[in-house]
Amino acid sequence: MPAQVSGAYADVTMLNRVFNDTSPSNATYMNQVAAADSSGALPFALRYGAGYTNLDEARLSALLLGNLGLQPNAGLQTALKDYLVSVGKANVGIVALQLGQILSGLESATGDQALYGAAAARWNREVAKSHYKSSIPSNTVPSSPEPSFPVTIGVTLPLTDGEDFLPGTGHGDLFLADRPGQLGSTDVIGGGGRGRTGDVLKAALAAGAMVAPVLRDIDKVFIAATGGAEFYAGRSTGIFQLWREAAAGSLAFDGVNLATTVGIKDSLAGGPLSVGFAEVGGAFDSANILLADATGADEVIVTGVEYLDVTSEAGTVASTTVNQANITADSAEEIVITGSQGLKTTVTGTHLATIDASGLAGSLELAFSTSGTGFVGFFGGRSGDQIRIDDASGARLVLVAGDGADTVTIGAYNAHIFTLGSGADTLHIGGLAGAAARDMDTSTSQALGWSAIWVTDFENGVDTLRLTAAGTTVKAALGEAQLASIAASASLLDAAALAATTAGAHKAVAFRYGADTYILVNDGAATLGANDSLVKLSGVTTLADASWTVA
């Protein structure tokens, strides 16, 4: 609020607050006001400050600015210290009064002085409340007035090119280092912390810069950088979120606490973000990645973490409906993808066992690459997803496509079990009946059944199966009697063998056996062999010709 107290009352109140941060008793206050009226404000201020000249200029500067609510501000504190040296600390009382009066008038300041507006508003409330308390005749002891309401307004605190010590107000401050070189390893910055007060640090780093500041309880840290920069978080505590913002080129975050969420937002050209989490090495380390307006050539590289949660959310750019960022996690066993925004990503990992996107509301376009050889479970999202798994690894995919019209493309070597879910889904299996496909086990009917590619929840006339063989392959046109003979076979192995010889080389044939429909893709030999491929449509008794293709 604007200044409510004037004249000698304001001058005396300000001096008491600036030097002592107290409200004097009523008797003391009235005597001081009378003395200031008698001699004038400046002589009274000069006498008042004389009691503090035993302090050096640096301590006086810190005292005055702290009680005025202008700390932390390393640059202002140094400037005031130098000014006291220049005018002589014997004049500190006059300087203190002038500072109080100047601050009181900055509540509606604009331009460069606008950053003092919040502090001026607090100062005017403090002076008014203090005057009120000291004016009560029953007030016989000094007191420090309670704020008229909780102070919750933060300030903007710019960093300098030198060493900064900024403890902050604890009320949601913005620490600003918008020029490369301002944030350095000698800086110490403190806030309220862990999502409670909204303290934010925004910093720009030069290409190749490595900084390791001490940050205490800064809720969100935003780093904008060009190629090769590194931010070391190992000397900091209480960072709630650590973001790469508006970046171009590579950037590294190192020494990051596992409790800190790492994010990418507002991409420019993008680039790889390498994240080194501290204290990894256990069997169940987990970390969180957040993407918002990630639209460049972004990649998140995480090492040493077994469980990774990736959230895709909308940012501030309305036109961005899909985040784009690749994920490389060498140790990850499970990656969970959630959020309201679509995501286009390539996931690469050596030990991956599960990719769970069932909590993703937006569409997912995912490519998957692994050098692992075990089973990998994939759970699709709630919208139409596009999934591509076609690599040379030995991993076998067990996929639940989820809701929506999904498109799944996979190599025969990786295909194992698919559950398509609701919606008009398309499953494309490539590389069938060739050296790239997994060998069929034709030793027994049971072994053959387990070596087949299983597709469940396939809806005839709604879903589509597109098969591509290693060599040019066409559908075999079998008659009803031939199909009936295959269906009447004594075992699945007999049925598949008869289908292979009846269909011929480089042919694909759909046949019914038991309660299921099978599609056999023959290689260059008109006999059943290990290089052939078998697809099982579980529970499908009728398969329309338009529901599947082969090439």
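The structure holds 2 cavities of 30 Å³ or more. A cavity is a set of points, on a 1 Å grid over the protein atoms alone, where a 1.4 Å probe fits but cannot get out. The model is predicted: local features need pLDDT of at least 70, side-chain atom pairs count only at pLDDT 80 or more, and totals for chains, interfaces and linings use all residues. Residues are numbered from 1 along each chain as its sequence is written, and side-chain values use heavy atoms, with hydrogens and water left out.

The largest cavity has a volume of about 80 Å³. A volume is the space filled by probe spheres set on the grid points, which are joined across faces, edges and corners. Lining residues have an atom within 4 Å of a point. For the largest cavity they are Arg396, Ala412, Ala415, Leu432, Ala437, Arg438, Met440, Ser451, Ile453, Ser533 and Leu534. This lining divides into 7 nonpolar, 2 polar and 2 charged residues. Here Ala, Val, Leu, Ile, Met, Phe, Trp, Tyr, Cys and Pro count as nonpolar, Asp, Glu, Lys and Arg as charged, and the others, Gly among them, as polar.

Pockets come next. A pocket is an open set of points with protein on both sides within 12 Å along at least five of seven lines. The second largest pocket has a volume of about 310 Å³. It is lined by 18 residues, of which Leu483, Ala510, Phe511, Leu543 and Trp548 are the closest to its centre. The lining comprises 12 nonpolar, 3 polar and 3 charged residues. The largest share, 5 residues, comes from β31. Helices (H or I, at least four residues) and strands (E, at least two) are DSSP runs, numbered from the N terminus.

Helix α7 spans residues 117-134. Its 18 residues reach 26 Å from the first C-alpha to the last, close to the 26 Å expected at 1.5 Å a residue. The expected span is 1.5 Å times one less than the number of residues. Of the 18 residues of α7, 13 are buried, so the helix is largely enclosed by the rest of the structure. Buried means under 20% relative accessible area, exposed over 50%, and partly exposed in between (1.4 Å probe, protein chains only).

The count of salt bridges comes to 11. Each is a side-chain nitrogen of Lys or Arg within 4 Å of a carboxyl oxygen of Asp or Glu. Asp545 pairs with Lys475, the closest N and O atoms being 2.8 Å apart. Asp545 lies in the loop between β33 (533-537) and β34 (548-550), and Lys475 in strand β30 (residues 474-475), so the pair ties together parts that are 70 residues apart in sequence. Asp545 is exposed, at 54% relative accessible area, whereas Lys475 is partly exposed, at 28%.

A salt bridge also joins Glu365 and Arg388, with 3.2 Å between the closest N and O atoms. Glu365 sits in strand β21 (residues 364-370) and Arg388 in strand β23 (residues 386-389), so this pair links parts 23 residues apart in sequence. Glu365 is partly exposed, at 22%. Arg388 is partly exposed, at 38%.

Asp82 and Lys81 form another salt bridge, their closest N and O atoms lying 3.8 Å apart. Asp82 is partly exposed, at 41%, and Lys81 is partly exposed, at 30%. Lys202, Glu245, Lys265 and Asp266 are linked in a network of salt bridges.
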